[in-house]
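Thanks for coming. Please have a look at the sequence and the model, and then I will go through a few parts of it.

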Amino acid sequence: MRVRFRKTIFLLGLFVMVPSRVTGETCRLRCGSASPSGGCSCRAACVSLQSCCEDYGRFCLQVLPSSSSMLGGRALGILNVAFRPGQSLLCRFNGEIDVPGVVDAEGRGHCVSPLLHQTGWVPFQVSTDGTHFDRAGEYLSVLPGKLEPSLRVSLVNSTRWQYYGTPGTAGALWMAWNVSALGADSVNVELWGYREAGGAAATEGVGWTYLYSLGRGLPNRGTFNFVPRAAEPAHSRWELGSIRVSAGAASEGARDVQALWSDTHALAWHMEQAFRDNSAAWAENRCLEWDAREKSLPNFLGEIMDCPCTLAQARADTGRFYTDHGCDIEKGSVCTYHPGSVHCVRAIQASPQYGSGQQCCYDSSGAQVLTGDSTGGSTPDRAHAWGSPPYREPPRVPGLSHWIHDVMSFYYCCLWSPLCHVYLRLRPSSGCKSYRPPRAGAVLGGPHFVTFDGLRYTFNGRGEYDLVQAPRRGLSVQARTEQVALNNGSLASATRLSSVAVKENSSDAVEVRLARRGDRLQVLRNQKVLSFGEQRWVDLRGAFVFSPTPQKVTVMLSSGVGVEARAREDGMAMTVLLPTDFANHTRGLLGQMNSDPSDDLLTGRGEVVPSVAATPEDIFGFGTSWRISKETSLFTYDSQYLLDTYHRRPAHDPVFHPAFGPPEGRDDPLVAAILSMCYGDGAAFCKYETLTSRSLATGNATMRAYRSHRALVQDLQPVVSCGWLPAPSHGKKNGTRYTQGQTLWFSCDGGFLLYGSTRRSCQENGTWTGEQTYCLRDDNLGYVLGAVGSLATLITMAVMIKLNNRKREREKLEQIEIHDVMG
């Protein structure tokens with residue numbers, strides 16, 4: 001076997017490492033796999049290990065850029081492979097979409113990403129003969145709204161686009177784009193429309209359809225304006241779409257060419273003439289049509305999860321909820337569509353059967369804002385805003401299905417007409433009565449553990465261990481620790497957390513580890529480093545990963561499990577959030593989640609170490625029992641250091657003996673500073689960290705991390721909700737909070753008398769005090785009482801009258817709809 005030294009070449013403005021090559025085997029049709037004979041490798045880690053097969057770079061393709069809009073149009077340059085100038089290339093995406101590739105004058109290959117209906121990692125193959133697709137790679141397909149602004153066509157003054165054609169909104173519309181992002185001297189500006197079949201709707205034109213050009217062969221100056229015309233009858237069925245700016249050489253309406261796209265938007269400016277003549281009447285008809293169509297669809301409200309009860313819970317439950325960009329308290333959003341709210345979140349995962357989504361909004365006091373009290377309340381979604389696996393088919397297409405089922409109807413009923421009550425009737429806010437906050441476990445500093453049940457201890461083993469095992473749920477979270485290096489170059493008798501790896505059932509394996517510099521984190525997916533240079537949010541198989549800064553990473557799994565990692569002061573801290581349905585299913589270093597801290601020191605052998613009397617040596621023995629096996633390891637060993645230190649040694653280092661207590665001496669110069677810094681809850685962790693690392697900054701970082709964890713646990717405390725109560729007919733309700741300790745007051749309009757309770761309070765058991773409130777006319781009360789004989793009977797009759805009135809109102813509305821349809 002012959003090994004060659006690696007070399008560096010300059011390609012596309014970047015230094016690219018060409019892997020060392022091992023001869024004897026091929027990577028053709030084997031990318032991502034190890035050698036069955038133990039020889040050369042075709043995994044991404046082989047680049048660092050200098051163990052790649054000789055032809056790894058030719059057959060296992062790397063592309064730059066590594067991501068593209070789901071709508072396609074981005075040129076993906078193939079690295080490390082030199083083609084013959086002018087050579088034929090055919091790129092096959094997802095095993096089914098063929099797009100002609102291009103080889104430029106310098107022998108670089110390029111494939112343009114196609115228009116897709118899915119997000120996440122998309123496989124592609126390349127053929128040079130049109131028959132054999134033996135070169136393989138992948139790129140990240142991104143929801144258009146999550147793309148960097150420089151990669152999108154911007155609709156200048158989006159409100160004007162949104163209301164174009166309604167009274168007072170006319171004239172020219174402007175758009176802008178990044179000239180260099182397209183790289184063409186001239187451009188074409190086109191309108192593309194999107195539709196989904198539903199009910200009796202015709203299937204012709206379903207999906208993305210080219211409609212017409214707004215301009216062709218225009219100079220690529222980065223801006224364009226036009227005065228819209230009303231849609232021709234042939235195009236009037238498309239009410240949702242996007243602007244595409246493509247290279248001028250592309251033929252009209254050509255698919256899968258280099259291009260930039262605008263955000264998907266309601267095509268108010270493109271609507272038929274009837275919309276411009278009377279937009280409110282046009283929109284009212286559409287709203288009522290949607291109302292009738294929606295009632296024929298399955299009820300999805302019963303399967304979506306309840307909202308967190310408070311803003312604090314919503315922001316803390318990062319495994320299941322994520323900030324709604326349209327209403328973000330951290331960015332000072334005005335919450336245009338949710339007046340009265342200061343922050344909204346959306347459920348990360350779609351509901352299991354219908355792929356629906358949840359939205360939850362909160363006011364400045366931290367209480368929920370509900371549509372039963374305000375039009376600014378949160379509204380659930382029939383189609384999740386980000387789509388849901390297996391994607392591609394309506395109503396699970398990322399972004400687009402949500403627009404069709406939930407956003408366009410909001411425009412019809414709430415923005416373009418006064419029928420918002422029709423929309424809110426079918427999209428009522430979910431309360432929080434059945435919400436159960438997750439439980440949090442943490443690993444801090446050197447390393448100190450706080451279990452899901454709140455037990456605190458220190459375990460300084462060196463190796464790789466099980467943090468959380470939940471075999472029945474298919475969850476595994478593993479941790480790696482390494483010995484602490486002191487500023488003077490020596491090694492301390494203590495360890496620190498250096499990496500965490502997580503996998504759930506058939507999901508991708510995700511590892512988050514300290515980078516070599518130690519002040520930032522590196523993320524790997526299935527042993528391959530993920531780049532966050534282009535995207536901060538990455539969709540994976542069975543997981544999402546979000547990295548807003550190089551120092552923070554959140555992994556969100558399909559079950560609602562959240563894993564947060566943070567780089568701190570030459571170390572790493574992490575939090576694991578588990579939904580309550582994991583109770584009595586967990587074991588490992590973070591204990592058994594059963595609200596009983598006394599049995600959290602359950603060893604891998606099934607023995608419980610009594611926590612009250614446990615010595616540091618007892619705890620050390622407990623910790624070592626959770627060393628992982630080589631067969632179950634989720635970690636990546638892509639350097640000689642990792643191979644020698646972890647992969648080729650026992651999972652727990654039996655030679656390393658930590659200091660079981662802080663090396664404190666009376667004359668230690670750090671003692672005085674420790675007394676002023678390490679006090680209160682968490683002081684023991686702070687003191688230990690400072691003395692073992694000989695660093696006040698490290699001890700202070702551990703103290704801050706511990707206090708942050710305590711604040712998180714406090715935010716996630718359960719809150720009792722008694723559920724929403726309406727105001728009585730012909731009356732008022734004072735108060736919009738429905739959690740334990742809150743009181744609502746009721747009153748009646750003039751000419752009505754109140755019967756039932758004037759005030760009702762939410763009790764600890766989740767029920768309201770008092771009785772239901774009614775407002776009855778006072779002029780007929782004496783006569784009615786004499787006729788029915790008792791107040792109880794009167795209230796029963798009032799309820800029946802109310803139900804009958806609602807029935808008559810519904811029948812009247814149906815008659816109006818029939819009359820409108822018949823003309």
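Buried means under 20% relative accessible area, exposed means over 50%, and partly exposed is in between, with a 1.4 Å probe and protein chains only. This is a predicted model, so local features need pLDDT of at least 70, side-chain atom pairs count only at pLDDT 80 or more, and totals for chains, interfaces and linings use all residues. Residues are numbered from 1 along each chain as its sequence is written, and side-chain values use heavy atoms, with hydrogens and water left out.

I start with a strand. Strands (E, at least two residues) and helices (H or I, at least four) are DSSP runs, numbered from the N terminus. Strand β8 covers residues 89-93, and four of its five residues are buried. Two strands pair if DSSP finds at least two bridges between them. β8 runs antiparallel to β9, residues 97-103, with five bridges, and Cys91 stands opposite Val99 there. The two form a hairpin with three residues between them, and Asn94 in the turn has a positive phi of about 60°. β8 is also antiparallel to β11, residues 120-127, through four bridges; Arg92 has Gln125 as its bridge partner in β11.

Now the rings. Phe, Tyr and Trp rings (six-membered ring for Trp) pair if their centres lie within 6.5 Å; planes under 30 degrees apart are stacked, over 60 edge-to-face, the rest tilted. The count comes to 36 aromatic pairs. One of them is Tyr411 with Trp416, edge-to-face, at 5.2 Å centre to centre and 75° between the planes. Tyr411 counts as buried because its relative accessibility is 7%, and Trp416 is buried at 4%.
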